[in-house]
Amino acid sequence: MNCTPKDLLQVFTSYTDILLTAHVSPDGDALGSLSALAGWLRSLGKKVIVVIDDRIEEKFFAYDGCRGIVRPEAVKADDNRLSVILDATDMQRIGKVAALITGKVMNIDHHVSNGHFADWEYIRTDCAATGEILTELFRIWEAAITPAMANALYMAIATDCGFFCFANTTGHTLQMASYLVDAGAEPNRISEGLEETTMNKLKALAQVLQEIELFAGGRVAGISFTQEVQQYTGEHTGGYIDYARRLKGVDVAFTVKWQGPETTRVSLRSKEVDVNVIAGAFGGGGHVRAAGCTLALPLEEAKQVLVKEIEKNL
Ligand code: 5GP
Ligand code: MN
């Protein structure tokens, strides 16, 4: 059951050592939220360690807290430390960081598929981003938001609602963004930093767009990131799916990504269909219009199984 903002503040106050983490394959929301929360806790004199079981995309290094993130191998378990899991639904989503968590756990998240596993939880599925939840908490706590925290939180919110274009954008989302701009967030610099690309990446995009496939009479669009394709895109393939979703007539867009001979990572986006249900059929989850899962199948087979499941839900 959800704690109150006051309960959360009391928990933070009662700990000195705090570990912060978020889901593997961390996105803007995960990293912006980690950055801001780490910044605030450090300003209170807490000993904070931020751990992620994955590589961080370079574009996020512009945010203070992202540069000091460590891998789980560099950390020891400690029963007396508070662990805070941001933007993740369950312990599986944080990869090897789970093994470091032997003490109490706080979970702040906005996914509809949240597994309600923590000692203290604050789950707000009405919020577009974990960054939106944190902004509201900081406001309630009357915590000082520095320009660095404001930038990180604005980035968190903006990336999870497609820069205020997606259906999860509410009046509250915009209010929190407005509060952050007043606290020093710079929307133009944040967008420029995330949009900035290289000639190689732009050419990779041109090539990837050639590979989009249509299914179900044009209502489903998919992109396959085989090992060969990943040679020119690199491992971070998160941005491409939005192009497939834009196609006229397409409701569900997906990517299937080679992660091993029998491991395929799936991302789903939609305009209407509940893709959380589709991802859930394979043990994954997420949101109504953005979800993911991992299939223990080779890429081609995974794609076929996935398309069948999507078609059932159209
Ligand atoms: P993405 O496609 O960007 O990896 O994920 C889309 C959304 O679904 C994100 O909010 C992400 O946290 C969630 N998600 C992705 N994969 C999984 C998964 O395997 N399990 C769960 N529970 N959520 C996921
Ligand atoms: Mn999120």
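Biologist: What should I keep in mind about the model before I start?

Modeller: The model is predicted, so local features need pLDDT of at least 70 and side-chain atom pairs count only at pLDDT 80 or more, whereas totals for chains, interfaces and linings use all residues. Residues are numbered from 1 along each chain as its sequence is written, chains are lettered from A and ligands numbered from 1 in the order in which they are written, and side-chain values use heavy atoms, with hydrogens and water left out.

Biologist: How many salt bridges does a search of the whole structure find?

Modeller: Side chains of opposite charge can pair when their charged atoms come close. Here a salt bridge is a side-chain nitrogen of Lys or Arg within 4 Å of a carboxyl oxygen of Asp or Glu, and the search finds twelve.

Biologist: With which residue does Arg124 form a salt bridge whose closest N and O atoms are 2.7 Å apart?

Modeller: That partner is Glu136. Arg124 lies in the loop between strand E5 (120-123) and helix H4 (130-140), and Glu136 in helix H4, so the pair ties together parts that are twelve residues apart in sequence; helices (H or I, at least four residues) and strands (E, at least two) are DSSP runs, numbered from the N terminus. Arg124 also meets Asp126 in a salt bridge, at 2.9 Å from N to O.

Biologist: Are Arg124 and Glu136 buried or exposed?

Modeller: Buried means under 20% relative accessible area, exposed over 50%, and partly exposed in between (1.4 Å probe, protein chains only). Arg124, at 15%, counts as buried, and Glu136 is buried at 12%, while Asp126, at 46%, is partly exposed.

Biologist: Where do Glu300 and Lys303 lie?

Modeller: Both are in helix H12 (residues 299-313), three residues apart, about one turn of the helix, and their side chains meet in a salt bridge of 3.3 Å, N to O. Glu300 is partly exposed at 44%, but Lys303, at 8%, counts as buried.

Biologist: Which domains is the chain divided into, and how many salt bridges are counted between them?

Modeller: An automatic or database assignment gives the domain bounds, here domain 1 (5-194) and domain 2 (199-313). Nine residues of domain 1 are in contact (heavy atoms within 4.5 Å) with eleven residues of domain 2. The count between the two domains is one salt bridge; the side chains of Arg55 and Glu235 also meet in a salt bridge, at 2.7 Å from N to O.
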